[in-house]
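Okay, thanks for coming, everyone.

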Amino acid sequence: MKLYETTLPGGATLRGWLRDETESMPGYNTRPAVLVVPGGGYCHVADREGDPVAAQFFAAGYNVFLLTYNVADTPDKAPLHFIPLRDAAGALLHLRRHAAELRVDPARVAICGFSAGGHLAASTAMLAADVEADLGLQPGETIADAQPNAVILSYPVITAGPYAHAGSIDTLAGDDAALHAHFSLENQVRPGLPPFFIWHTVEDELVPTQNSLLLASSLQAAGVPYELHLFPHGAHGSSLCTHEVNYPIRRNIAWMPLCIDWLDETFGYRCREAF
């Protein structure tokens, strides 16, 4: 295993875990990648949605990266506006710019976000053009180089409407009504977006399930492929739903194997198959 760490323009940090390059497995020296984006209401970055999640994708054969993006950890830093989006889109762009060095397949880069990190992950697919001027695109690059090929969302913040997690949206947009509407992602869905995997719990009282349902409805209407799983029990922020993350919920553990199978199929990746 090779470890990787860099600081992105603007101060966000990117840590990576790369599978070893070998002569005996030449077909897997370049691998698909997953960028993990923890939640935290845009006020902090939740540890339990970082390393433990990255380890699961790494074990499944992916090169994995963890983004620590800029948040409003003190009141004077809010509203953040497009700063987190610049960080996340910039991280995806960095992975593609350094794909050869990192042994990443630039056509198979997924983003996996939790809660407010889910809002940020989905925003990279829908709103990256808003930060194009901040990314410093080089000749031959397009905004698509700063967008994912697949999106994984865990109990995501999506809407700025009646079912909003007001804290996340307010930290981004302040009292700007137009920006609130802009960050209501169910209204930003369009044909041609990458496929989505979404899971949520019905009992989530912090970020209501309607966030995922509104997104799924918009994806359906736009003809964007998606897979949605709703589990009846479990609080918000349950991450892997294991003892390690202090949210053990036996049935909900299934989301990660389901997600990896979906991602393998989406990317045509056959790392774990024995035949």
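So, at roughly what angle do the axes of helix α1 and helix α9 cross? Roughly 45 degrees, with the axes of α1 (residues 51–59) and α9 (residues 255–267) coming within 11 Å. That makes α1 oblique to α9; under 35 degrees would count as roughly parallel, over 145 as roughly antiparallel, 65 to 115 as roughly perpendicular, and the rest is oblique.

Quick housekeeping. This is a predicted model, where local features need pLDDT of at least 70 and side-chain atom pairs count only at pLDDT 80 or more, while totals for chains, interfaces and linings use all residues. Residues are numbered from 1 along each chain as its sequence is written, and side-chain values use heavy atoms, with hydrogens and water left out.

Helices (H or I, at least four residues) and strands (E, at least two) are DSSP runs, numbered from the N terminus. Axes are lines fitted to C-alpha atoms, for helices over the stretch in contact, with angles from 0 to 180 degrees between N-to-C directions.

Back to α1 and α9. Here V53, Q56 and F57 of α1 meet M256, C259, I260 and L263 of α9, contact being heavy atoms within 4.5 Å. By class, that contact has six nonpolar residues, one polar and no charged. For the classes, Ala, Val, Leu, Ile, Met, Phe, Trp, Tyr, Cys and Pro are nonpolar, Asp, Glu, Lys and Arg are charged, and the others, Gly among them, are polar.

Next pair: α2 and α4, with axes that come within 9 Å and cross at roughly 65 degrees. That makes α2 roughly perpendicular to α4. On the α2 side, P84, L85, A88, A89 and L92 meet L120, S123 and T124 in α4. That contact divides into six nonpolar, two polar and no charged residues.

Now, which residues line the largest cavity? They are Y42, H81, F82, P84, L85, H119, L120, S123, L172 and F183. A cavity here is a set of points on a 1 Å grid over the protein atoms alone where a 1.4 Å probe fits but cannot get out, and lining residues have an atom within 4 Å of a point. α2 (83–97) and α4 (116–126) each supply at least two lining residues, and α4 gives the most, with three. Seven of the lining residues are nonpolar, three polar and none charged.

Last, the backbone. Most residues other than glycine have a negative phi, and most peptide bonds are trans. Y42, from that cavity lining, has a positive phi of about 60 degrees though it is not a glycine, and Y42 sits in the loop between β3 (31–37) and α1. Then there's a cis peptide bond joining A78 and P79, with omega about -5 degrees. P79 lies in the loop between β4 (63–68) and α2.

Key. 1 Å grid on protein atoms, 1.4 Å probe; cavity = no way out; pocket = protein on both sides within 12 Å on 5 of 7 lines; lining within 4 Å.
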